[in-house]
Amino acid sequence: MISAEKEILPILNQQELYTVEPTHLHVASSDIVETIDVNVFYGDFHALKDVNLAIKKNSVTALIGPSGCGKTTFLRLLNRMNDYIPSHMVRGKVLINGVDIYRDKIEIEQLRKEVGMVFQKPNPFPKSIFENVAYGLRIQGIKDKHLIHERVINAIQQVGLWNEVKDNLRKNALALSGGQQQRVCIARTLAVEPDIILMDEPTSALDPISTSRIEELILQLKQKYTIIIVTHNMQQASRISDTTAFFYLGELIEVGKTTDIFTNPRNERTERYITGRFG
Amino acid sequence: MLILSDKMKKRKIIEFSIEKLLLASSLISILTTGGIIIVLTIEGVAFFKEVSVIDFLTDTEWTPLFTQKHFGILPLLSGTILTSFIAIAVALPIGLSIAVFLSEYSSVRFRELIKPVLELLAAVPTVIYGFFALIVVTPFLQKLIPGMSSFNSLSAGLVMGIMIIPYVSSLSQDALLAVPSSLREASYGMGATRLQTSVKVMIPAASSGIIVSVILAISRAVGETMIVAIAAGQQPRLTLNPLVPVETITAYIVQVSLGDVPHGSLEYRTIFAAGITLFVFTLILNNISYWFKRKYQEKYE
């Protein structure tokens with residue numbers, strides 16, 4: 001569920017973490033994500049150059065572009081997953097629900113509960129299906145068994161996996177097929193009820209049938225969540241996204257309504273990329 | 001062109017002899033193991049002709065050097081298990097903490113720096129550890145625990161635990177690093193802290209490797225001789241009290257080998273009976289660890 005009250009909690013210092021109620025930040029625009037002049041460096045490598053991108057709530061945004069052009073870097077910028085790379089540096093503003101996640105004092109763990117992530121290769125934990133989906137709730141310290149049960153089942157139903165796994169929720173998730181594993185991973189993300197879901201080529205390791213199921217799922221999830229997806233599949237981008245952003249060599253070349261980008265691209269490089277003439 | 005030149009013939013001969021040399025080297029280790037088993041069996045059979053296996057396994061006293069002879073292995077076995085248990089109780093929490101710290105928290109640079117230092121712990125001659133247990137650790141513990149004997153399994157076990165830390169930490173660290181980092185990312189991506197990721201994802205995923213490391217460490221502790229011979233005493237005693245002198249299987253073998261027991265006597269053969277027990281014990285441990293290792297390699301390949 002998405003709620004206006006559930007915003008990222010800025011913290012002023014460690015002590016106040018336990019005493020201050022979540023600040024209610026009301027963002028004037030409906031942009032849930034906004035980056036302003038963002039530059040990212042890995043050591044000497046300039047991975048993102050002056051990226052300005054605003055993403056609306058309850059939309060699907062596809063990030064397209066050739067490999068190594070900053071799509072994944074941009075995606076991981078939004079939940080600070082690049083922090084683990086030692087030489088990584090960010091300049092500019094990354095606003096999520098109006099909070100600058102690199103400059104304001106935020107709790108990274110809280111950020112990641114609001115901004116969930118689904119990875120390229122299905123990566124369920126070597127635990128049961130139930131425990132995989134319950135993981136996010138357990139690490140939040142939720143002990144209420146009924147609540148956990150309800151949320152887990154709800155999440156499994158949302159990803160359309162219920163009929164396939166309802167009789168063996170205790171089975172190891174690694175025993176499922178690749179497509180099912182990826183849906184477990186999506187369910188795991190949904191169970192903590194994030195606002196935004198980042199997807200890094202979620203179907204690139206899957207067969208066409210599993211892929212189309214996940215695409216249908218993304219279209220359904222749009223009702224409740226904001227989805228940002230990296231994809232190398234042009235058809236996929238045109239099928240599922242509202243907005244498409246084209247990255248090339250670390251720059252955001254063009255962004256616009258998906259129908260416009262695919263029928264009438266303004267930039268020549270975008271046109272050449274989507275028609276398959278380079279990349 | 002197909003006719004061998006002299007140069008090629010010569011090369012073929014060298015290739016052939018090197019191959020046989022390598023084969024011979026690998027056979028040496030097999031022959032040695034085979035030889036040990038044969039000697040243990042022959043002398044063991046001779047021993048068990050005079051002492052029944054049931055007495056050996058059930059008698060609660062081990063006094064082969066006294067006039068009133070008893071040949072129950074249990075006191076030696078209990079001494080071995082007690083010291084090894086204390087050792088692993090020290091080495092498991094410390095070794096696992098080190099492994100988690102090095103694989104999940106520290107930088108690669110620090111990890112590379114600390115590894116050789118840690119492995120130094122296993123490289124210290126065990127006689128130094130034994131001496132250290134006897135003249136430093138025991139007097140210190142005696143201040144804390146009045147009435148503790150000068151020879152005891154606690155002090156020997158603690159020091160042995162320190163010695164086997166690198167066995168646990170090094171292999172556990174390898175097991176943790178072998179877990180695909182996509183699992184680590186998944187956990188961080190869910191908003192887990194480093195500690196939660198380590199405890200709830202990484203350690204369970206590496207559990208079979210960690211178990212292997214613990215079994216190998218136990219196996220090392222069971223076979224360790226010098227520390228227990230010096231610091232744990234030489235009194236076979238069926239007890240779980242860590243404050244009194246005990247004797248381990250290995251310490252007994254040292255005691256008899258160094259003494260003036262006549263070659264071929266029953267007392268002499270007790271060494272082999274004790275040796276067989278030790279051999280079977282460590283063989284079982286190694287087999288368990290081998291089984292785990294295979295299971296765990298299958299999981300990630």
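Chain A contains 10 helices and 10 strands, where helices (H or I, at least four residues) and strands (E, at least two) are DSSP runs, numbered from the N terminus. The model is predicted, so that local features need pLDDT of at least 70 and side-chain atom pairs count only at pLDDT 80 or more, while totals for chains, interfaces and linings use all residues. Residues are numbered from 1 along each chain as its sequence is written, and chains are lettered from A and ligands numbered from 1 in the order in which they are written.

Of the 279 residues in chain A, 44% count as buried. A residue is called buried if 20 or more other C-beta atoms lie within 10 Å of its own, exposed if 12 or fewer, and partly exposed in between, with C-beta atoms placed from the backbone. Contacts also describe the chain: two residues are in contact if their C-beta atoms, placed from the backbone, lie within 7 Å. Among contacts in chain A between residues at least 6 apart in sequence, 68% join residues at least 24 apart.

One helix of chain A illustrates burial well. Helix H3 of chain A, residues 129-139, is mostly covered, for 10 of its 11 residues are buried. Among them are Ile129(A), Phe130(A), Tyr135(A) and Ile139(A). The cover over these buried residues includes helix H4 (145-158), helix H5 (162-165) and helix H6 (178-191) of chain A, together with H8 of chain B. After H3(A) comes Gly141(A), which has a positive phi near 85°.

Two further residues of chain A deserve attention for their backbone angles. Most residues other than glycine have a negative phi. Asn97(A) is located in the loop between strand S4 (88-96) and strand S5 (99-100) of chain A. Because 21 other C-beta atoms lie within 10 Å, Asn97(A) is buried. Leu249(A), likewise a residue other than glycine, has a positive phi near 50°. Its place is the loop between strand S9 (243-248) and strand S10 (251-257) of chain A. Leu249(A) has 14 other C-beta atoms within 10 Å and is therefore partly exposed.

We now turn to chain B. Chain B has 12 helices and 0 strands. Its radius of gyration, taken over C-alpha atoms, is 24 Å, whereas a compact globule of 301 residues would have a value near 19 Å; the globule rule is 2.2 Å times the number of residues to the power 0.38. Along the principal axes, the C-alpha atoms of chain B fill a box of roughly 75 × 70 × 35 Å. Buried residues make up 38% of the 301 residues of chain B. Of the contacts in chain B with a separation of 6 or more, 73% are between residues 24 or more positions apart.

Pro75(B) lies in helix H3 of chain B, residues 74-105, and counts as buried because it has 24 C-beta neighbours inside 10 Å. From C-alpha to C-alpha, Pro75(B) and Thr248(B) are 8.0 Å apart in space, although 173 residues apart in sequence. Leaving aside neighbours within four places in sequence, the contacts of Pro75(B) include Trp62(B), Pro236(B) and Leu238(B).

The packing of two helices in chain B can be followed in detail. The axes of helix H5 (residues 126-144) and helix H6 (residues 153-178) of chain B come within 9 Å and cross at roughly 130°. Axes here are lines fitted to C-alpha atoms, for helices over the stretch in contact, and angles run from 0 to 180 degrees between N-to-C directions. H5(B) and H6(B) are therefore oblique to each other, since angles under 35 degrees count as roughly parallel, over 145 as roughly antiparallel, 65 to 115 as roughly perpendicular and the rest as oblique. The residues of H5(B) that meet H6(B) include Tyr129(B), Phe132(B) and Leu141(B), and those of H6(B) include Leu154(B), Val159(B) and Met163(B). By class, the residues of this contact are 10 nonpolar, 3 polar and no charged. Here Ala, Val, Leu, Ile, Met, Phe, Trp, Tyr, Cys and Pro count as nonpolar, Asp, Glu, Lys and Arg as charged, and the others, Gly among them, as polar.

Finally, the two chains meet. The contact takes 15 residues from chain B and 17 residues from chain A. On the side of chain B that touches chain A, helix H7 (181-189) and helix H8 (194-205) each supply at least two residues. H7(B) gives the most to this side, with 6 residues.
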